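Here is my note on the model you sent. Please keep the structure open while you read.

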Amino acid sequence: MCNSNFFYLLLVFPVSHSPKLKAGKGALIIYPIQLVMNILHAIAIASIVIGFICMFIMLADILSGNKQHMMVMNFVWPITGLYACPLALVA
């Protein structure tokens, strides 16, 4: 059975919105959503930072003289580092 209040609160209340609710039907739903959204936000920021670190490591490797045979790959590998992070460093 689907609780329509859960989906309503998921769409309406942003993470920074913190209403003062008394213990009731809505209070048990809003705060776990905020917690999950804050955790997902932290994971996303960490992923972006790790991606940029991997990209700069690859750029430093290319600029230090380890050029690719095809010129386009000198651009492709750092871009790949943004989304493939440590996996791209191993490759």
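1. Ground rules. This is a predicted model, in which local features need pLDDT of at least 70 and side-chain atom pairs count only at pLDDT 80 or more, while totals for chains, interfaces and linings use all residues. Residues are numbered from 1 along each chain as its sequence is written, and side-chain values use heavy atoms, with hydrogens and water left out.

2. Fold. The chain has 3 helices and 0 strands. Helices are DSSP runs of H or I with at least four residues, strands are runs of E with at least two, and both are numbered from the N terminus. Along the sequence the pattern reads α-α-α.

3. Contacts and surface. A contact means heavy atoms within 4.5 Å. Of the contacts in the chain with a separation of 6 or more, 35% join residues 24 or more positions apart. The accessible surface is about 7,000 Å², and 75% of this surface belongs to carbon and sulfur atoms. Areas come from the Shrake-Rupley method with a 1.4 Å probe. Of the 91 residues, 20% count as buried, meaning under 20% relative accessible area.

4. Cysteines. How many disulfides does the model have? The count is 0. A disulfide here is a pair of cysteine sulfur atoms within 2.5 Å. The sulfur of Cys-85 is 5.0 Å from the closest cysteine sulfur, in Cys-54, so the two are too far apart for a bond. Cys-54 is buried, with a relative accessible area of 4%. Cys-85 is also buried, at 10%.

5. An angle to check. Cys-85 lies in helix α3. Its phi is positive, about 40 degrees, although Cys-85 is not a glycine. Most residues other than glycine have a negative phi. Please look at this residue.

6. The largest pocket has a volume of about 180 Å³. Helices α2 (27-63) and α3 (73-90) each give two or more residues to its lining. The largest share, 4 residues, comes from α2. The lining includes Ile-57, Asp-61, Trp-77 and Leu-89. By type, the lining has 7 nonpolar residues, 2 polar and 1 charged.

7. Pocket terms. A pocket is an open set of points on a 1 Å grid over the protein atoms alone, where a 1.4 Å probe fits, with protein on both sides within 12 Å along at least five of seven lines; lining residues have an atom within 4 Å of a point. The volume is the space filled by probe spheres set on the points. Ala, Val, Leu, Ile, Met, Phe, Trp, Tyr, Cys and Pro count as nonpolar, Asp, Glu, Lys and Arg as charged, and the others as polar.

Key
Buried means under 20% relative accessible area, exposed over 50%, partly exposed in between (1.4 Å probe, protein chains only).
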